[in-house]
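Here are a few exercises to work through with the model open beside you. Try each task before you read its solution.

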Amino acid sequence: MSSPKTWSLVTTAPNRAEADILRGVLESAGIQVMLAGESYATTYGLPMPVEVLVPADQKADAEAILAASEFITDDETAADEGGDAAPS
């Protein structure tokens, strides 16, 4: 039996729409993505922040891809000195 995958926070998008854009950027580069908090935002129709998580072993690649993309601001990168998270 394999051990559960550890997910790591890459950034927090201000809303679901931007989280979906970031997910697309990362998935097009072959990186798995899990969004956290998006169901709450969708259910209540609120512009809630959505965490963008990737497997811990792909975090460095994901950060490099996002840093090189026009879809993430320096403010978002600076605010996300996040740690590892396990899916709930």
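Before starting, a word on pairing: two strands pair if DSSP finds at least two bridges between them. Helices (H or I, at least four residues) and strands (E, at least two) are DSSP runs, numbered from the N terminus. The model is a predicted one, where local features need pLDDT of at least 70 and side-chain atom pairs count only at pLDDT 80 or more, while totals for chains, interfaces and linings use all residues. Residues are numbered from 1 along each chain as its sequence is written, and side-chain values use heavy atoms, with hydrogens and water left out.

**Exercise 1.** Work out in what order the elements of the chain run from the N terminus on.

Solution. Start with the tally: the chain has 4 helices and 4 strands. Now walk along from the N terminus, and you get β-α-β-α-β-α-α-β.

**Exercise 2.** Find out how strands β1 and β2 are joined to β3.

Solution. Take β1 (residues 7-13) to begin with: 6 bridges join this strand to β3, and the two run antiparallel. For a landmark, look at Trp7, which stands opposite Pro55 in β3. Next comes β2 (residues 34-36), joined to β3 by 3 bridges, again antiparallel. Here Ala36 is opposite Glu51 in β3. Finally, check the cover on β3 (residues 50-55): 5 of its 6 residues are buried (under 20% relative accessible area, with a 1.4 Å probe and protein chains only). Across the chain, buried residues make up 32% of the 88 residues.

**Exercise 3.** Describe how helices α1 and α3 pack, and say which residues meet.

Solution. Two packed helices are described by the angle between their axes and the distance between the axes. Axes are lines fitted to C-alpha atoms, for helices over the stretch in contact, and angles run from 0 to 180 degrees between N-to-C directions. For α1 (residues 16-28) and α3 (residues 59-68), the angle is about 115° and the axes are 10 Å apart. Then list the contacts (heavy atoms within 4.5 Å): Leu22, Val25 and Leu26 in α1 meet Ala62, Ile65 and Leu66 in α3. Sorting these residues gives 6 nonpolar, no polar and no charged.

**Exercise 4.** Why does Leu66 count as buried?

Solution. First place the residue: Leu66 sits in helix α3. Leu66 counts as buried because its relative accessibility is 2%. One more look at this spot: the C-alpha atoms of Leu66 and Val25 are separated by 7.8 Å, though the two residues are 41 residues apart along the chain.

Note on methods. Ala, Val, Leu, Ile, Met, Phe, Trp, Tyr, Cys and Pro count as nonpolar, Asp, Glu, Lys and Arg as charged, and the others, Gly among them, as polar. Buried means under 20% relative accessible area, exposed over 50%, partly exposed in between (1.4 Å probe, protein chains only).
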